[in-house]
Amino acid sequence: MKRHLTMLGLALLSYLSAISQNRSVSGVVTDAANKGVAAATVKVKGKSISTITDAEGRFTINAPAGNTTLEVTSVGFNLVSIEVGANDNNVVIAMVTNNQD
């Protein structure tokens, strides 16, 4: 019984440690006219963490603690990579139109 409680306690500590290593980053993805880009994909580089912007270009993503890089893609725009600092919890990401026809 004591061994089971110890194992349960270690599992709980591991879980809490994993949760505390993430943070919420919010922001907006805009075009050249400063309008929100709907349905853009925002992804944490090197991870399988991603989200999609709403109709106004807003998003919230669960990112690792510390510095991280977000990659943003959307049809008609070039890929944008942005470094998000450890204390940056709100970002504005400006997309650049893909002029290839």
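Leaving aside its neighbours within four places in sequence, which residues is Ser74 in contact with? Hold that thought for a second. This is a predicted model, where local features need pLDDT of at least 70, side-chain atom pairs count only at pLDDT 80 or more, and totals for chains, interfaces and linings use all residues. Residues are numbered from 1 along each chain as its sequence is written, and side-chain values use heavy atoms, with hydrogens and water left out.

Okay, back to Ser74. Its contacts are Val37, Ala38, Ala40 and Met95, where contact means heavy atoms within 4.5 Å. Ser74 sits in the loop between strand 5 (68-73) and strand 6 (80-84); strands are DSSP runs of E, at least two residues, numbered from the N terminus. Ser74 counts as buried because its relative accessible area is 16%, and buried means under 20%, exposed over 50%, partly exposed in between, using a 1.4 Å probe and protein chains only.

Phe77 is in the loop between strand 5 and strand 6 too. Beyond its sequence neighbours within four places, Phe77 touches Asp31, Val37, Met95, Val96, Thr97 and Asn98. Take Thr97: it's 20 residues from Phe77 in sequence, yet C-alpha to C-alpha they're 4.3 Å apart.

Now, the charges. Searching the whole structure turns up 2 salt bridges, meaning a side-chain nitrogen of Lys or Arg within 4 Å of a carboxyl oxygen of Asp or Glu. Arg58 pairs with Asp54 at 3.1 Å, N to O, and with Glu56 at 2.9 Å, N to O. So Arg58, at 47% relative accessible area, is partly exposed, Glu56 is partly exposed at 43%, and Asp54 is partly exposed at 27%. Together, Asp54, Glu56 and Arg58 form a salt-bridge network.

Notes:
Helices (H or I, at least four residues) and strands (E, at least two) are DSSP runs, numbered from the N terminus.
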